[in-house]
Amino acid sequence: SSHAVAARRAADLERYVAEFWAASDALAPLQAKCAELSGLAELVSGHGQNARRMSLHSYVLAARLEEVLVAASARLHQMSSGRYEFVHTDAVGPRGRRGGLGIEVRDEYTGAVRATTTLSGGETFFASLALALGLADVVSAESGGRVLETIFIDEGFGTLDPEALD
């Protein structure tokens, strides 16, 4: 009777092992799809194999920012008599912070690219104004070229010399 019980258990075990491997084979494609989707979700959220740690949201904003910076650079180049233009940077921030939405300035006098925080007060005003006008240019172009009547009122205009004001 012990032998019969052991034989029955061995047969049950063989059946369970066969069922296990069949279930495992059925789950393999689902596990592969799950791993692919998990990797994609990690990438989109700015983690995993995403070297820039940039989320999809930031990536789309960075693309839009580049359009604005092109338009703003033309304005800033004119305002600064050819000295400055904007540069988009997607570098990772300090201590591994997410990157993608950085703005720097190329100084044509020195040939260096530097942080916008190094600009003087008047240069910062020009940069801010150029960004606002560049954004308006992009919005206007995307709205079918309609002119958006705007006026900028800022105390920065009162501190400019006549040449800079022109």
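Analyst: Read along the sequence, the protein chain runs α-α-β-β-β-α-α, which gives 4 helices and 3 strands. Helices here are DSSP runs of H or I with at least four residues, strands are runs of E with at least two, and both are numbered from the N terminus.

A word on the source: this is a predicted model, where local features need pLDDT of at least 70 and side-chain atom pairs count only at pLDDT 80 or more, while totals for chains, interfaces and linings use all residues. Residues are numbered from 1 along each chain as its sequence is written, and side-chain values use heavy atoms, with hydrogens and water left out.

The pLDDT is the predictor's confidence in each residue, from 0 to 100. Its mean over the protein chain is 85, and 84% of the residues reach 70 or more.

Now to your salt bridges. Side chains of opposite charge can pair when their charged atoms come close. The cut-off used here is a side-chain nitrogen of Lys or Arg within 4 Å of a carboxyl oxygen of Asp or Glu. A search of the whole structure finds 9 of them.

Let's begin inside the helices. Arg 15 forms a salt bridge with Glu 19, with the closest N and O atoms 3.6 Å apart. Both residues belong to helix α1 and sit 4 residues apart, about one turn of the helix. An α-helix has 3.6 residues a turn, so residues three or four places apart point the same way. Arg 15 is partly exposed, at a relative accessible area of 41%, and Glu 19 is partly exposed as well, at 45%. For these words, buried means under 20% relative accessible area, exposed over 50%, and partly exposed in between, using a 1.4 Å probe and protein chains only.

Helix α2 (residues 56–79) has a pair of this kind too: Glu 67 and Arg 64 meet in a salt bridge of 3.5 Å, N to O. These two are about one helical turn from each other because they lie 3 residues apart in helix α2. Glu 67 is partly exposed at 37%, and Arg 64 is partly exposed at 36%.

The next salt bridge joins Arg 83 and Glu 123, whose closest N and O atoms are 4.0 Å apart. This pair links distant parts of the chain, 40 residues apart: Arg 83 is in the loop between α2 and β1, and Glu 123 is in helix α3. Arg 83 counts as partly exposed, at 21% relative accessibility. Salt bridges that share partners join Arg 83, Asp 107, Arg 114 and Glu 123 into one network.

Strand β1 (residues 84–89) and strand β2 (residues 102–107) pair in the antiparallel sense over 6 bridges, two strands being paired if DSSP finds at least two bridges between them. Asp 107, in β2, is the bridge partner of Tyr 84. Strand β3 (residues 112–115) pairs with β2, also in the antiparallel sense, over 4 bridges. There, Arg 114 in β3 stands opposite Val 105. The hairpin of β2 and β3 has 4 residues between the strands, and in it Gly 111 takes a positive phi near 75°.

Finally, look at α3 (residues 121–142), the helix that holds Glu 123. Its buried residues include Phe 125, Phe 126 and Leu 129.

Notes:
Expected span 1.5 Å × (residues − 1).
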